[in-house]
Amino acid sequence: MLVIRPIRSTDFKALYQIAEESGHGFTSLPVNEDLLRSKIARVEESFTKQIDKPFDEGYLMVLEDTETGEVVGTCGIEAAVGMVDAFYHYRLGTEVYHSEQIGVRNEVETLTLCHDYTGAAELCTLFLRGHYRKNNNGRMLSRSRFLFLAQHAERFGETVIAEMRGESDADGNSPFYGWLQEHFLGIDFVQADYLSGLSQKAFMAEMMPKNAVYVCLLPKEAQKVIGEVHANTRPALNLLQAEGFRCRGYVDIFDGGPTVECHLHDIRSVRESRLLTITIGATPSDAESYIVSNTQLADYRATTANLAVVDDCDDVILDAQTAAALMVADGEQIRVLPM
Ligand SMILES: CC(C)(COP(=O)(O)OP(=O)(O)OC[C@H]1O[C@@H](n2cnc3c(N)ncnc32)[C@H](O)[C@@H]1OP(=O)(O)O)[C@@H](O)C(=O)NCCC(=O)NCCSC(=O)CCC(=O)O
Ligand SMILES: NC(=[NH2+])NCCC[C@H](N)C(=O)O
């Protein structure tokens with residue numbers, strides 16, 4: 001059975017391996033032992049913390065194959081970004097130049113550095129190991145987070161964003177980044193992205209261009225990838241677009257990848273998820289596939305189950321094996337979402 005649960009310190013090795021496998025531009029998992037260990041410690045603290053409002057908590061979960069004990073994927077939600085450091089974006093804007101005198105009108109696009117998403121919750125760190133990319137596993141991993149958001153909404157910023165990995169090649173060359181490296185930052189994309197992942201962002205404030213940048217003056221290869229995602233990230237983007245996430249003109253400052261956003265309570269799966277009270281028993285023959293979770297925080301669990309959910313009825317039958325995996329007893333509630 002595949003079960004999603006909060007990450008713990010014993011998962012370090014698996015997380016390190018996933019950091020290596022996920023490659024360049026997967027900013028939130030830099031291949032750095034100290035950073036990954038402190039990330040896990042921060043998550044363990046977040047899952048048990050009493051909070052008044054979201055601050056800097058991180059909720060990183062792993063997908064475990066309970067037959068082998070192997071960790072085969074990750075998914076994360078940050079409570080509120082940019083609260084302890086600065087959270088940068090480029091905002092795409094338009095300037096219009098018009099002269100009746102000479103009969104010319106031009107619209108030019110600009111990129112302006114901003115911190116507009118400060119305080120937003122962030123979906124991040126979605127990764128599934130290659131041989132598990134089948135049977136809707138990626139879908140369940142990504143969407144399970146909406147059950148958690150629905151259940152614990154008060155722990156998250158009201159706007160939910162996701163930074164989608166932009167284009168770069170296997171050697172870590174980003175077509176967008178070239179002009180920044182040449183004229184401003186000096187260091188290469190892999191290093192800039194790595195420092196960003198370590199939250200060592202002082203160099204950004206010091207070295208990023210201080211004025212807006214005219215898109216038409218950038219190299220053609222950089223212009224072409226603004227708002228484009230890495231090929232491996234297309235499934236992740238597709239899943240979020242189906243939930244109502246849209247790009248509103250914000251892109252990554254290094255690789256030009258799009259950031260998508262949606263109001264927490266407008267996310268389709270947040271709206272469609274339901275709380276049901278369980279009776280443990282045999283699965284009815286007319287059951288359909290659902291993503292299911294318990295309502296816990298530190299003991300959060302999510303998986304898939306076959307359920308016969310009836311529209312006006314708040315009760316449902318859950319098989320004993322799934323109930324055990326979710327750590328729920330007869331008469332307790334689960335949150336469900338059609339697969
Ligand atoms: C993202 C996942 C976990 C998704 O798993 P799978 O690849 O198995 O997903 P899938 O079920 O095959 O596809 C999910 C949906 O995308 C569609 N799909 C598949 N390939 C597509 C393509 N090339 N273009 C457009 N859509 C595509 C499928 O039809 C399906 O839609 P239907 O369900 O409608 O049929 C995986 O691809 C992965 O680990 N990728 C590498 C890591 C990565 O780049 N992660 C995202 C980084 S960005 C990030 O982490 C922030 C975003 C976030 O956290 O959510
Ligand atoms: N444009 C980017 N490289 N953004 C970061 C993308 C990766 C992903 N959001 C993560 O959690 O790491």
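Guide: What follows takes up salt bridges, then a cavity, a ligand site and a pocket. This is a predicted model, in which local features need pLDDT of at least 70, side-chain atom pairs count only at pLDDT 80 or more, and totals for chains, interfaces and linings use all residues. Residues are numbered from 1 along each chain as its sequence is written, chains are lettered from A and ligands numbered from 1 in the order in which they are written, and side-chain values use heavy atoms, with hydrogens and water left out.

Visitor: How many salt bridges are there?

Guide: The count is 15. A salt bridge here is a side-chain nitrogen of Lys or Arg within 4 Å of a carboxyl oxygen of Asp or Glu.

Visitor: Which residue pairs with Arg143, and where do the two sit?

Guide: Arg143 pairs with Glu243, with 3.0 Å between the closest N and O atoms. Arg143 belongs to helix H3 (residues 137–151), whereas Glu243 lies in the loop between helix H8 (234–242) and strand E9 (246–251), 100 residues apart. Helices (H or I, at least four residues) and strands (E, at least two) are DSSP runs, numbered from the N terminus.

Visitor: Is Arg143 buried or exposed?

Guide: Arg143 counts as buried because its relative accessibility is 2%, and Glu243 is buried at 2% as well. Buried means under 20% relative accessible area, exposed over 50%, and partly exposed in between (1.4 Å probe, protein chains only).

Visitor: And what about Glu261?

Guide: Glu261 forms a salt bridge with Arg248, the closest N and O atoms being 3.2 Å apart. Glu261 is in strand E10 (residues 258–263) and Arg248 in strand E9, 13 residues apart. Glu261 is buried at 14% relative accessibility, while Arg248 is exposed at 58%.

Visitor: Which residues are joined into one network?

Guide: Arg5, Asp11 and Glu64 are joined by salt bridges that share partners.

Visitor: What lines the largest cavity?

Guide: The lining includes Leu29, Lys39, Arg42, Glu78 and Cys124. Helix H2 (33–46), strand E2 (58–65), E3 and strand E6 (121–128) each give two or more residues.

Visitor: Which residues are around ligand 2?

Guide: Among them are Gly25, Phe26, Met164, Asp252 and Asp255, where being near means having a heavy atom within 4 Å. A side-chain N or O atom of Ser28 is 2.7 Å from an oxygen atom of ligand 2. A backbone N or O atom of Glu163 lies 2.6 Å from a nitrogen atom of the ligand, and one of Thr27 lies 3.3 Å from a ligand oxygen.

Visitor: Finally, what is the volume of the second largest pocket?

Guide: The volume is about 200 Å³. Of the 13 lining residues, Gly23, His24, Pro30, Val31 and Tyr194 lie nearest the centre of this pocket. H5 gives the most to the lining, with 3 residues.

Definitions and conventions. 1 Å grid on protein atoms, 1.4 Å probe; cavity = no way out; pocket = protein on both sides within 12 Å on 5 of 7 lines; lining within 4 Å. Polar contact = N/O pair within 3.5 Å; in protein donor to acceptor, adjacent residues only side chain to side chain. Points joined across faces, edges and corners; volume = space filled by probe spheres on them.
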